[in-house]
Amino acid sequence: MSVSRAIRKAFVATEQSEGMGARVRRSIGTAKLRNFSPFLMLDHFTVSPPAGFPDHPHRGQETITYLLKGGIDHEDFAGNAGTIGPGDLQFMTAGRGIMHAEMPHKNPDGGPNIGLQLWVDLPEKLKYCEPRYRDLRASEIPNVNVDDDKVHIKVISGQSHGVDSVKELAYTPVWLFDVSIKPGGRVRQELPKGWNAFAYTLSGTTTFGSGEDQTTVGPYHNVVFEQAGDVAEAGVDKDSSEDGRFVLVAGQPLDQKVVQYGPFVLNSEDQVYQAVLDFQSHSNGFERGKNWKSEIGKGAGN
């Protein structure tokens with residue numbers, strides 16, 4: 001008999017400025033939700049040119065970018081470059097060091113570029129691995145419908161109702177689903193035992209949990225599940241005027257110390273100091289950063 005996970009807390013993500021002119025709603029990585037291994041940060045971003053995220057470094061983590069609307073270009077100091085569009089994802093492993101830029105498109109309709117970026121910690125033994133990118137296109141993502149087609153799930157990573165994702169995209173095990181529920185629909189999503197899990201709401205009004213332990217929230221809330229239990233439950237009232245949509249994410253906790261200084265995430269203060277020194281001296285993974293400037297980041301903020 002599966003056990004439904006209780007709700008630990010639910011809170012709204014407050015909008016703030018980030019980068020050069022971008023607006024983000026940050027939930028993980030704030031005073032309301034820290035030390036939630038393996039997750040370091042979750043930003044729901046809205047950005048239009050000339051704003052963006054020009055040349056900046058990373059070490060020691062992975063980022064998962066899920067674009068909901070528009071287009072985002074990326075470019076790094078190793079010569080990698082590309083674009084993701086609506087429904088596409090990019091998994092970036094910083095490893096020992098990377099410098100890159102992420103810049104939004106100017107859309108024909110004048111609308112902003114909107115998406116989610118999740119920072120995931122790397123296991124200590126992989127902190128200094130070689131950096132890499134892995135893209136997942138919207139057309140590659142398998143889908144499954146449940147509850148008489150009232151629930152639609154995009155299986156980005158992991159397994160849902162017998163449907164497996166196409167490939168493992170991150171070093172740290174993470175399951176990620178995009179879930180839409182019509183009025184009257186309900187879903188029970190199995191999650192690996194002992195993993196931390198949360199849901200971030202994008203639209204509509206959704207009720208999470210079961211029985212007497214239920215929490216109903218609107219858009220832009222982070223709903224944090226307790227670690228105990230087998231399934232996460234969610235539903236939308238049959239009288240609701242719109243569908244509920246959220247991303248459901250679970251990850252394997254890492255038993256390690258986290259020391260973060262901006263874009264550097266290591267396991268000790270000394271390692272963070274070394275990361276700053278390596279970045280400034282263009283060494284130990286940042287050699288290619290010397291005199292490098294991205295093409296897409298030129299003119300940012302002007």
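Is Glu 15 buried, partly exposed or exposed? Glu 15 is partly exposed, with a relative accessible area of 37% (buried means under 20%, exposed over 50%, partly exposed in between, with a 1.4 Å probe and protein chains only). This is a predicted model, in which local features need pLDDT of at least 70 and side-chain atom pairs count only at pLDDT 80 or more, while totals for chains, interfaces and linings use all residues. Residues are numbered from 1 along each chain as its sequence is written, and side-chain values use heavy atoms, with hydrogens and water left out.

**Annotated domains**

- UniProt lists "domain: Pirin N-terminal" (unreviewed entry) at residues 22–120; UniProt positions are in the numbering used here, feature names are shortened, and annotations may be inferred rather than shown by experiment.
- Residues 22–120 are 0% helix and 59% strand (DSSP runs, H or I of at least four residues for helices and E of at least two for strands, numbered from the N terminus).
- The UniProt record places "domain: Pirin C-terminal" (unreviewed entry) at residues 177–284.
- Residues 177–284 are 12% helix and 48% strand, and the end C-alpha atoms lie 36 Å apart.

**Helix H1**

- H1 covers residues 269–281 and reaches 18 Å from its first C-alpha to its last, close to the 18 Å expected at 1.5 Å a residue (1.5 Å times one less than the number of residues).
- The buried residues of H1 are Val 272, Ala 275 and Asp 278.
- Seen down the axis of H1, these buried residues fall within an arc of 120 degrees, so they line one face of the helix (the arc is that of the directions from the helix axis to the C-beta atoms).
- Exposed residues Asp 270, Tyr 273 and Gln 280 sit on the face turned away from the buried side of H1.

**Salt bridges**

- The count comes to 16 salt bridges (a side-chain nitrogen of Lys or Arg within 4 Å of a carboxyl oxygen of Asp or Glu).
- Glu 15 pairs with Arg 23 in a salt bridge at 3.8 Å, N to O, and Arg 23 is partly exposed at 35% relative accessibility.
- Arg 26 forms a salt bridge with Asp 43, with the closest N and O atoms 2.7 Å apart.
- Arg 26 lies in strand S3 and Asp 43 in strand S4, so the pair ties together parts that are 17 residues apart in sequence.
- Arg 59 and Asp 278 form a salt bridge, their closest N and O atoms being 3.0 Å apart.
- Arg 59 is in the loop between strand S5 and strand S6 and Asp 278 is in H1, so this pair ties together parts 219 residues apart in sequence.
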